[in-house]
Amino acid sequence: MAYLINILVIVLAAFLVKLAFISAVFYADIKAAQKRDPAAKSFLEVILLYPGLHALIYYRLAHPLYKMRLFFLARMLSQIARFSTGIEIHPGAQIGKRFFIDHGLGVVIGETAIVGDDVLLYQGSTLGGTGIVQGKRHPTIGNNVVIGAGAKVLGNIVIGDNSYIGANAVVVKDVPPNSTVVGIPGRITKQDGKKMDTDLDHARILDPIMQSIEELQDRVRNIEKNK
Ligand SMILES: CC(C)(COP(=O)(O)OP(=O)(O)OC[C@H]1O[C@@H](n2cnc3c(N)ncnc32)[C@H](O)[C@@H]1OP(=O)(O)O)[C@@H](O)C(=O)NCCC(=O)NCCS
């Protein structure tokens with residue numbers, strides 16, 4: 001019996017040490033999760049029950065291994081994380097401070113992706129490539145960016161600081177800072193706090209004279225056909 005109690009005490013002590021270590025090293029990330037998820041009720045809840053934090057811990061261990069060219073070990077850790085959290089962060093990706101993945105399931109971050117500070121990703125979002133090109137083929141995400149649930153940000157593009165990518169958007173072109181992007185393909189609906197008025201988007205306005213000429217050409221073609 002005393003033997004069993006000893007084992008229990010050792011296991012409990014190891015668990016508490018691990019908890020203290022994670023709290024100290026990942027303090028900023030845990031606080032970011034608490035700040036950005038109104039459902040997060042306590043520090044302990046985030047540490048024990050948030051898959052986004054667990055995937056990040058695995059990533060923070062795997063990334064230095066990747067940099068030491070221990071690719072197999074690094075990839076193994078990221079696959080363990082994927083198995084237990086449903087989040088796949090390639091160990092080669094570069095991720096900034098106070099990063100938070102909410103809910104998490106289905107998030108994929110590619111090898112050459114670069115993520116700034118204070119970025120929030122929702123479930124099902126992808127920072128992916130567009131093909132099988134070599135080199136930098138994943139996006140660069142600025143600081144303080146939110147990527148909505150199911151959004152796909154694809155290719156070697158740049159998402160400017162303080163931007164919002166709407167849920168389920170597919171973004172394949174650079175996005176300037178302070179923008180909101182929605183839809184497929186992603187279009188900017190807000191920039192620097194102002195709604196984009198597509199009626200005033202001169203690039204999309206049709207030339208009325210050209211339209212009249214085209215109408216006249218159609219009529220002439222029809223008359224000639226029916227002669
Ligand atoms: C994109 C987003 C940030 C826009 O927020 P906003 O700046 O408040 O913008 P608005 O709500 O004023 O919407 C602007 C326009 O875009 C449309 N829109 C908003 N989100 C959209 C989306 N994800 N896809 C397509 N259209 C969208 C709105 O209908 C509105 O259209 P309108 O101008 O024709 O009426 C927000 O809608 C969003 O998708 N956030 C992601 C949140 C998320 O993933 N949560 C998961 C929680 S589990």
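Reader: What makes strand 14 and strand 15 a pair, and in which sense do they run, parallel or antiparallel?

Author: In this predicted model, strand 14 and strand 15 (residues 187–191) are joined over four bridges, in the antiparallel sense. Two strands pair if there are at least two bridges between them, so four bridges are enough to call this a pair. One place to look is V181, which stands opposite I188 in strand 15.

Reader: What lies between strand 14 and strand 15 in their hairpin?

Author: Four residues lie between the two strands, and in this hairpin G183 takes a positive phi near 90 degrees.

Reader: How do you know that strand 14 also pairs with strand 12?

Author: Count the bridges again: strand 12 (residues 164–165) is joined to strand 14 by two, and these strands run parallel. Pairing needs at least two bridges, so strand 12 and strand 14 qualify. Y164 has T180 in strand 14 as its bridge partner. T180 is on the uncovered face of strand 14 together with V182, whereas S179 and V181 make up the covered face.

Reader: Why are strand 1 and strand 13 called edge strands?

Author: Start with their sheet, an open one of five strands in the order 1-4-7-10-13, with parallel pairing. Strand 1 (88–89) and strand 13 (170–171) are its edge strands, as each pairs on one side only. Further in, strand 4 (residues 108–109) and strand 7 run parallel and are joined by two bridges. There, I109 has L127 of strand 7 as its bridge partner.

Reader: What holds the strands of a sheet together in general?

Author: Backbone hydrogen bonds do the pairing, and the strands can be parallel or antiparallel.

Reader: Why is T126 called buried?

Author: T126 has 15% relative accessibility, and buried means under 20%, so T126 counts as buried. You will find T126 in strand 7 (residues 126–128). Beyond residues up to four places away in sequence, T126 touches V108, A151, K152 and V153.

Reader: Which residues touch the most other members of the largest nonpolar core?

Author: This core has 28 residues, and I89, F99, I109, I141, I147, I159 and I165 touch the most other members. Helix 4 supplies the largest share of the core, three residues. Another core lies apart from it, with 14 residues, among them Y50, L53, I57 and F100.

Reader: Which residues does I89 contact, apart from its neighbours within four places in sequence?

Author: I89 is in contact with A55, Y59, S78, I95, I101 and I109.

Terms used:
Residues numbered from 1 in each chain as written. Predicted model: local features only at pLDDT ≥ 70, side-chain atom pairs only at ≥ 80, totals over all residues. Heavy atoms only, no water. Core = buried A, V, L, I, M, F, W, Y, C linked by side-chain atoms within 4.5 Å. Buried < 20%, exposed > 50% of the residue type's maximum accessible area, 1.4 Å probe, protein only. Contact = heavy atoms within 4.5 Å.
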